[in-house]
Amino acid sequence: MKIIDLRSDTVTHPTDAMRKAMAAAEVGDDVFGEDPTVNRLEIMAAQKMGKEAALFTVSGTMSNLIAVLTHTRNGNEIILGTEAHIFLNEVGGAAALGGVMVHTVPNDAGGRLPLADIENAIRDKNIHYPETTLLCLENTQNRCGGAVLTPEYTNQAVELAHRHGLKVHLDGARIFNAAVALGIPAAELAAGVDSVGFCLSKGLSAPVGSVLCGNKDFIERARKKRKMLGGGMRQAGVIAAAGIVALETMVDRLAEDHANARKLEAGLTQIRGITLAQEKIATNIVIFDLVQSFPVAEFITKLDSHGVKVVRFGNHRLRAVTHRMVSADDIDYALTKIEQVCRE
Ligand code: TLP
């Protein structure tokens with residue numbers, strides 16, 4: 001049976017070029033700083049983000065956790081969106097391992113944290129209060145349907161945070177989707193932030209990995225936190241090699257995924273029983289709602305039995321993500337099946 005897996009762009013397999021590069025990768029012990037391929041990837045990543053240095057990590061979750069651990073101290077408070085991946089999907093690592101309190105601010109439909117709300121959330125100096133030390137933003141904003149934060153917004157949020165003495169971490173798991181959507185270099189989206197992490201293993205199709213970028217001092221301290229978390233890898237050049245191919249060859253093609261997401265949206269709006277849950281499709285994520293009477297779990301199971309996979313994103317809410325392994329024809333096929341299940 002044909003399988004169209006729209007659960008996430010994390011399901012992408014490495015390309016043939018990546019597998020070749022992995023097989024041929026020059027390696028060394030990265031804990032000694034001696035893996036030439038990892039070193040090359042880190043230099044490349046830092047350049048792409050316009051930062052001084054970078055650190056290869058196992059996952060987006062690990063990059064975010066290391067950023068929180070490096071920017072804060074136990075008992076600090078961090079500000080992030082009610083829809084933030086760090087808040088919702090990272091097993092509470094910031095609290096469990098970082099000992100920080102999270103102060104959430106509702107994201108608007110565009111994935112932004114309204115500036116006035118950020119300012120309101122920053123604690124005054126008062127003997128009763130924890131110290132607010134970090135603001136976390138997310139670009140693209142996953143749960144807001146892959147919404148894109150513009151450099152203008154990010155710069156304003158950074159200016160506000162810095163004025164109050166906060167650092168800013170950007171969860172840029174899909175920052176290249178944002179860059180491609182806006183037609184600007186990713187570095188512009190991360191210009192003012194103190195750290196940015198991006199994933200190689202999502203739309204860019206590498207099998208594993210994320211890179212955390214920032215200034216030299218931050219990365220030096222972050223490297224130690226990675227070691228503490230057990231993330232000091234040895235001959236990691238084998239996986240970094242795929243990351244290099246991802247950065248060199250997989251960024252521009254994200255535009256295709258965005259076009260397919262718009263195609264999916266156009267089709268979904270024609271299906272009775274489905275409404276879009278976002279104002280516009282900005283990148284590769286489509287979030288949609290089923291009419292209240294449709295049981296979501298059953299819908300997913302039925303669709304799955306037709307070979308089309310999506311994930312649950314709420315009581316009546318589903319998410320579909322386009323990526324390299326889904327073609328425009330696959331979108332047509334998926335739409336036919338979604339329509340069929342809705343009809344049934
Ligand atoms: N997101 C996954 C799931 O965890 C929801 C997905 O399928 O979208 N930041 C953002 C914005 C993310 O969307 C994700 C992964 C991460 C961080 C974590 O990356 P990994 O999975 O590499 O730990």
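A pocket is here an open set of points on a 1 Å grid over the protein atoms alone, where a 1.4 Å probe fits and protein lies on both sides within 12 Å along at least five of seven lines, and its lining residues have an atom within 4 Å of a point. The model is predicted, with local features needing pLDDT of at least 70 and side-chain atom pairs counting only at pLDDT 80 or more, while totals for chains, interfaces and linings use all residues. Residues are numbered from 1 along each chain as its sequence is written, and side-chain values use heavy atoms, leaving out hydrogens and water.

The largest pocket is lined by 22 residues, and those nearest its centre are Ala-109, Gly-110, Cys-144, Ala-147 and Lys-280. Its volume, the space filled by probe spheres set on the points, is about 440 Å³. The lining of this largest pocket divides into 10 nonpolar, 5 polar and 7 charged residues, where Ala, Val, Leu, Ile, Met, Phe, Trp, Tyr, Cys and Pro count as nonpolar, Asp, Glu, Lys and Arg as charged, and the others, Gly among them, as polar.

The second largest pocket holds about 280 Å³ of space, and of the 21 residues that line it, Thr-61, His-85, Glu-90, Ala-173 and Lys-202 are closest to its centre. Helix H3 (residues 60-71) gives the most to this lining, with 3 residues; helices are DSSP runs (H or I, at least four residues), numbered from the N terminus. In the lining of the second largest pocket, 4 residues are nonpolar, 10 polar and 7 charged.

Key
Helix = DSSP H or I, 4+ residues; strand = E, 2+ residues; numbered from the N terminus.
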